[in-house]
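Student: I would like a close look at a single part of this model, with its surroundings described in one connected answer.

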Amino acid sequence: RLPRHVVPVGLRITVVGEHYRDTARLGVARLRSDGSYDPAFSSDGRALYKVFPTEHDVVSAFRAEVLSGGKVGLAVVAFDYNSRGELVFTAQAMLRLNSSGTLDRTFSGDGVAVVPKSWSDIRWMPNGASFVGVQGSASHQVRKLLPSGQPDTSFSGDGIATAACGTHRGANMAIDPSNRPVLMCVKVSGTSTVLAMYRFTAAGAFDSTYSGDGKTSWVIPDS
């Protein structure tokens, strides 16, 4: 078992990691303040989840967030060894758990949504809604999902806002205290790295209270 995330909330701690025996599973444990397993979570404080419909060599969480009511939102990736023995990114998914450790079937019908590999980042909101980033060749989308996992059309009319950040290597996302999504695209320009930052309103428009038009960038020299 390999722990990946430790998320303290109140007097309890949620630990997310990987489990290997014959197959790869996602392991989640919840501890009480004295360090013992919390039996209110999955009867013994520990649970394993088969996230993907097919088997993978490695399954790991890259986001773990405790939500309202003690629910847990996870973003999960899968890797497989190729013919050269290299681990290659092959799949990713979103997973939401009830505070009892059962899958939250109000999300995506069964608590699990396997999502496209082009989704670059996933951030959960306390109410179970989420923002996800989707990478394009010369732009990056921010999509908002309802707690059910369906697109939230109150965000930019169709649930999708787009930043024309140009050719970029990837992006990270965050949600500020006012529930506004923040996107950072990482670009390489000559011998420098450029961080292009965007903040959107809760309605999906560029936030003019941030840098005048919702956009700014920083240049970081490589040397």
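Which residues does Asp80 touch, not counting residues up to four places away in sequence?

Tutor: The model is predicted. Leaving out residues up to four places away in sequence, Asp80 touches Glu55, His56, Asp57, Glu86, Leu87, Val88 and Thr90. Asp80 itself belongs to strand β6, which covers residues 72-81. With Thr90, the contact is also a polar one: the two side chains are joined at 2.7 Å.

The charge of Asp80 has no partner of this kind: the residue is buried yet forms no salt bridge. Lys117 holds the nearest side chain of opposite charge, and Lys117 is 8.9 Å away.

For the setting, the protein chain has 16 strands and zero helices. Among contacts between residues at least 6 apart in sequence, 39% join residues at least 24 apart. The chain exposes about 11000 Å², with carbon and sulfur atoms supplying 53% of that area.

Asn98 lies in the loop between β7 (87-97) and β8 (112-115). The side chain of Asn98 reaches the backbone oxygen of Leu103 at 3.3 Å. Apart from residues up to four places away in sequence, Asn98 touches Phe41, Lys71, Leu103 and Asp104. Asn98 and Gly70 are separated by 28 residues in sequence, and their C-alpha atoms are 7.0 Å apart.

Definitions and conventions
Residues numbered from 1 in each chain as written. Predicted model: local features only at pLDDT ≥ 70, side-chain atom pairs only at ≥ 80, totals over all residues. Heavy atoms only, no water. Helix = DSSP H or I, 4+ residues; strand = E, 2+ residues; numbered from the N terminus. Buried < 20%, exposed > 50% of the residue type's maximum accessible area, 1.4 Å probe, protein only. Lys, Arg positive; Asp, Glu negative; His and termini not counted. Salt bridge = Lys/Arg side-chain N within 4 Å of Asp/Glu carboxyl O. Polar contact = N/O pair within 3.5 Å; in protein donor to acceptor, adjacent residues only side chain to side chain. Contact = heavy atoms within 4.5 Å. Areas by Shrake-Rupley, 256 points an atom, 1.4 Å probe, with all protein chains shown as cover.
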